[in-house]
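Here's a friendly look around a protein model.

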Amino acid sequence: TVRYTLVARSGAGVDNVSYEGIRCSTREQRAYAFANADKTWRAVTAPWRPAQQRWHQTLRREYFCPLDTVILDAAEGIDALKRGGNRKLNLR
């Protein structure tokens with residue numbers, strides 16, 4: 001499982017912040033917590049579910065689970081985000 005903090009910014013500049021996870025082996029995702037307006041966190045008990053949102057699918061496929069394998073560490077995930085995709089995808 002790859003865990004990450006997602007900041008989704010609307011066109012109006014409103015941020016929605018969540019702490020989430022992606023399971024590479026099953027292609028599922030879930031939320032662990034959401035940030036409140038006062039910058040505190042609210043934990044949630046969401047079930048694992050298929051990654052159906054486009055951004056979850058893209059994060060899984062292009063950044064955190066290239067070739068359906070989990071990244072080795074946070075540095076690999078950060079590198080993939082900086083590069084615009086995981087370098088393993090270029091090795092195919």
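Ala43 is exposed, with a relative accessible area of 68%; exposed means over 50%, buried under 20% and partly exposed in between, using a 1.4 Å probe and protein chains only. This is a predicted model, where local features need pLDDT of at least 70, side-chain atom pairs count only at pLDDT 80 or more, and totals for chains, interfaces and linings use all residues. Residues are numbered from 1 along each chain as its sequence is written, and side-chain values use heavy atoms, leaving out hydrogens and water.

Ala43 sits in strand S4 (residues 41-43); strands are DSSP runs of E with at least two residues, helices runs of H or I with at least four, numbered from the N terminus. Leaving aside neighbours within four places in sequence, Ala43 is in contact (heavy atoms within 4.5 Å) with Tyr32 and Ala33. Its C-alpha atom is 8.7 Å from that of Ala31, 12 residues apart along the chain.

Now for the inside. The largest nonpolar core has 11 residues, including Val2, Ile22, Phe64 and Ile71; such a core is a set of buried Ala, Val, Leu, Ile, Met, Phe, Trp, Tyr and Cys residues joined through side-chain atoms within 4.5 Å.

| Element | Residues |
|---|---|
| strand S1 | 2-9 |
| helix H1 | 54-64 |

Leu59, Tyr63 and Phe64 in H1 also meet Gly77, Ala80 and Leu81 in H2.
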